[in-house]
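Dear colleague,

I am passing on the structure we spoke about, and my notes on a few of its residues and strands follow below it. Please read them with the coordinates open beside you.

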Amino acid sequence: MVRVAVFASGTGSNYEAIMRYTAGLADPGFGINLVVSDQPQAGVIAKALRWQTPVLVVERRQFATKKAFEHQILARLKQDQIDFIALAGYMRLIGPTLLQEYYGKIINLHPSLLPAFPGLDAVGQALKAGVKVTGVTVHFVDAGMDTGPIIAQKAVPIDENDDHESLSQKIHAVEHELYPRIVHQCALGEIYLDRGKVCRLSR
């Protein structure tokens, strides 16, 4: 059984989508064994408690350096024998401490069609730009901000009357359908990174 940690800073809706997806599988081959959050008031914590997933809360401001912060997280990942990491609304760049240990084993979900609108508030960026289509991207994590090799994308149309809330809801609906499947495939090694390229096992 592949052991997965979900990193989240916010509500945890994608964590919960993964949990529901996993619960519906007869033999998933993986499980969510840890939730990591850098925000002690994050909504994901209550969701994790309801699903009986162990939680680690580590605040960056309690550590002198990013390296020390990530070493604390890494120690728990090793203790819990975590094999794979899924970022789900985690609002910090992953640093070299975690990247070196989990190269090719960290994926992220971003609410745009990368490389368009990287970074914070991708929904707001898309609305401000006046584009007609945005979307969702799942990618492997590298040292950059939303720059890693792309695994999957799905478009979301922007209607004339869409505002930040309505567009966010549309994007979340797509995320909740797409991300659990990709987490499943990546955790089981059906999608993997080889010399910087995304590869898929033939069925």
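Leaving out its neighbours within four places in sequence, Leu34 is in contact with Val4, Ala5, Val6, Thr53, Pro54, Val55, Leu56, Arg76, Leu77, Asp80 and Ile82. Please keep in mind that this is a predicted model. Leu34 lies in strand β2, which covers residues 30-37, and Leu34 counts as buried because its relative accessibility is 0%, where the cut-off is under 20%. The C-alpha atoms of Leu34 and Lys78 are separated by 11 Å, although the two residues are 44 residues apart along the chain.

Strand β2 runs parallel to strand β1, and 6 bridges join the two, with Val2 standing opposite Phe30 in β2. Strand β1 itself, residues 2-7, is mostly covered, as 5 of its 6 residues are buried. Together with helix α1 (residues 13-23), β1 and β2 make a right-handed β-α-β unit. Strand β1 is also joined by 4 bridges to strand β4 (residues 84-87), again in a parallel arrangement, and there Phe7 has Leu87 as its bridge partner.

The other residue I looked at is Glu70, which sits in helix α3, residues 66-79. Glu70 is buried and yet has no salt bridge, the nearest side chain of opposite charge being that of Lys66, 4.2 Å away. What does the side chain of Glu70 reach at 3.3 Å? That partner is the backbone nitrogen of Leu98, and, not counting residues up to four places away in sequence, Glu70 touches Leu93, Ile94, Gly95, Pro96, Thr97 and Leu98.

With best wishes

Notes. Residues numbered from 1 in each chain as written. Predicted model: local features only at pLDDT ≥ 70, side-chain atom pairs only at ≥ 80, totals over all residues. Heavy atoms only, no water. Buried < 20%, exposed > 50% of the residue type's maximum accessible area, 1.4 Å probe, protein only. Lys, Arg positive; Asp, Glu negative; His and termini not counted. Salt bridge = Lys/Arg side-chain N within 4 Å of Asp/Glu carboxyl O. Polar contact = N/O pair within 3.5 Å; in protein donor to acceptor, adjacent residues only side chain to side chain. Contact = heavy atoms within 4.5 Å. Pairing = 2+ DSSP bridges. Right-handed = clockwise from strand over helix to strand, strands pointing away.
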